[in-house]
Amino acid sequence: MTAILRTGTGRTGFRLSFGGGPLPLYLGGAIILGWFVLALLAPVVAPYDPIYQDVAARLQPPSLAHWFGTDNFGRDILSRVIWSARIDLQIALFGVVFPFIIGTVLGSCAGYFGGWIDTILMRIIDVVLAFPFLVLMMAIIVILKPGLSSFYVAMALVGWVSYARLVRAQILVIKSSDFVVAATSLGYSHSRIMFRHLLPNAILGSVVFSMSDAVLVLLNGAAISYLGLGVQPPTAEWGIMIAEGQSFITSAWWITTFPGIAIVTLAMGFSLLADGLGEKLGVRE
Amino acid sequence: MSDTVLSVRDLTVVVHGDGPPEAIVDGVSFDLKRGEILGLVGESGSGKSVTSRALIRLLPGARLGIAGGSAVLGGRDILALDENSVRAVRGGEIGMIFQNPSSHLDPVMTIGRQIAESIRFHRSVSRGEARRQAIDILRQVGIPDPERRYDAYPHEFSGGMRQRAMIAVALACDPDVLIADEPTTALDVTVQAQILKLLMDLRDTRGVSIIFITHDLGVVSQICDRVAVMYGGRIVEVGDKRDIIGNGRHPYTAGLVACQPAEGHPGERVRTIAGQPPRVGQMPPGCRFHPRCPKADAVCMQTRPPLEASGTAHLVACHHPVLNAQEVAS
């Protein structure tokens, strides 16, 4: 498996190889895997119930009983940080997958067919991009009903534009390449050429971008929750935890700091993975 | 004639520009017989590639359009088919081999799947059956260990192997006609000889007819049965290989042959035909070769010479055909 990629001439197939490869890929992968395992094992690993309020133990600094301390309701921060991973990984996944699919399909149609389809789609993208990202997200969420599913819908409605532009540009480059002419000379239909031949060649850049996008989505999710439009209390989520803890930031730093560190590490994991993938697959942004 | 596979008549392709449309393929007619290799020879821009692309209705450029003529294959006029029917012709009845195999194969799909895809697209066969047939074709085009190579990507193949793979893709659906657009130009000489031999073998075993586009008269003399010489979008001379190479009667053909570097004469200056081939938008009236022709006179400048018989199965379009090659050389 390994040899195949190494002998390639810069253009690599889809075969990922393990053993020998860019360090960021493994580092990023390990961080994300670590969080994933923590999230899966949350009921086992977390020492306390994340929403149980032990009023007697309010605002306790980190100690042996509460490693990360407790918040103003006496909830264990460590347990809440661990349980939050479930929500935040889900945000990163769904917040990327839906825009990815929508953007890829629309972008490849625009790039392949051109003409009025392209013009209309590009104008729509311009309109979406003309709004400040967060404000548009908030507007959509408020219209729908604050909550996580509204966040995903808003993400899909707003986030697809980056993927669409990326894929469209790639398709424009390769749609005039020789192997597409050859595929046409074999009588293939438009949809077959587009999805079987163009997309697999055009999508690498989007895959890499989706990893960096996961970082943005994660931070967005945290921001939206922070603003009270995403995950609703008392559910544990990093953004909410920071929001709730900010009034205590001078007296009880641990309430905001630990979820903050959690966000930073997961974001770093995705970012490293994006770098590593880009290097491995020969994609330059 | 019953053994004629493809019959092209008055094929005309125009380019739409600022002025009136100009024919860059102008009234091209030829017949392709079963199991025949027909060479289409000419300089760059002589219209040979455009002619071949017109036959599968894939003109290279939005400004090009087929303006007239017919191309009858299997009782149907390809040029009159609608878009859906044309797709069945492409790959199914006419296969296409391109000059640069490295860029004409999909880089992220295995060779075997590219062949199987074509088989499954044109015929309703099962996945396993398509795989079996694809391996069979890979073996026929001389790829060693085809079961294992089925799962290889194009970048894992050498140049010659890639060209074999592309021939396999084109042959997958057993087309009647194979169009080979300079299939050996990008290959080195030894590999070129192997590919030419492969094409001739395929012609013998499968009875496929081949239109072989090239500018290399050496290749033509190796592989072709008949040759059509194109100049300025017109066929100026058609005939058996023996009639063309060495006995061409059109001054252009004779000039082309005379331009071949002769063996055994090192140090001798290579002969050229004076002047430039006509450019799109500046096609001369009358015979399009007249500005460069040593025998041109007033008639050549005004009247287009018809393609007339000059012997059995030898046609030439010239008002003053040469008698033999020596006449030009002198």
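**Close-up 1. The exposed and buried sides of helix α5(B).** The face of α5(B) turned away from its buried side carries two exposed residues, G128(B) and D136(B). The model shown here, as in every view below, is predicted. The buried residues of α5(B) are A130(B), A134(B), I135(B), I137(B) and L138(B). Seen down the helix axis, these buried residues fall within an arc of 160 degrees, so they line one face of α5(B). An α-helix has 3.6 residues a turn, so residues three or four places apart point the same way.

**Close-up 2. Length and end of helix α5(B).** Helix α5(B) covers residues 127–140, 14 residues in total. At 1.5 Å a residue, α5(B) should span 20 Å, and its end C-alpha atoms are 20 Å apart, which agrees. After α5(B) comes G142(B). The phi of G142(B) is positive, near 80 degrees.

**Close-up 3. The open sheet of chain B.** Four strands of chain B make up an open sheet, in the order β2-β1-β4-β5. Their pairing is antiparallel. At the edges lie β2 (22–33) and β5 (76–77) of chain B, each pairing on one side only. Strand β1(B), residues 4–15, is joined to β2(B) by eight bridges. These two strands run antiparallel. V8(B) has F30(B) as its bridge partner in β2(B). Helix α1(B), residues 48–55, packs on the sheet and touches β1, β2 and β4 (64–73) of chain B. The direction of α1(B) makes about 65 degrees with that of β2(B).

**Close-up 4. Strand β6(B), covered on both faces.** Strand β6(B) spans residues 94–97. On one side, I94(B) and M96(B) are buried. On the other, G95(B) and I97(B) are buried. In a regular strand the side chains alternate between the two faces of the sheet. Four bridges link β6(B) to β7(B), residues 177–181, and the two strands run parallel. I94(B) has V177(B) as its bridge partner in β7(B).

**Close-up 5. The contact between chains A and B.** Chain A contributes 18 residues to the contact, and chain B contributes 21 residues. On the chain A side, α8 (178–185) and α9 (190–202) each supply at least two residues. Helix α8(A) gives the most to this side, with five residues. By type, the chain A side divides into six nonpolar, ten polar and two charged residues.

How values were computed
Residues are numbered from 1 along each chain as its sequence is written. Chains are lettered from A and ligands numbered from 1 in the order in which they are written. This is a predicted model: local features need pLDDT of at least 70, side-chain atom pairs count only at pLDDT 80 or more; totals for chains, interfaces and linings use all residues. Two residues are in contact if their C-beta atoms, placed from the backbone, lie within 7 Å. Ala, Val, Leu, Ile, Met, Phe, Trp, Tyr, Cys and Pro count as nonpolar, Asp, Glu, Lys and Arg as charged, and the others, Gly among them, as polar. A residue is buried if 20 or more other C-beta atoms lie within 10 Å of its own, exposed if 12 or fewer, and partly exposed in between; C-beta atoms are placed from the backbone. Two strands pair if DSSP finds at least two bridges between them. The expected span of a helix is 1.5 Å times one less than its number of residues. The arc is that of the directions from the helix axis to the C-beta atoms. Axes are lines fitted to C-alpha atoms, for helices over the stretch in contact, and angles run from 0 to 180 degrees between N-to-C directions.
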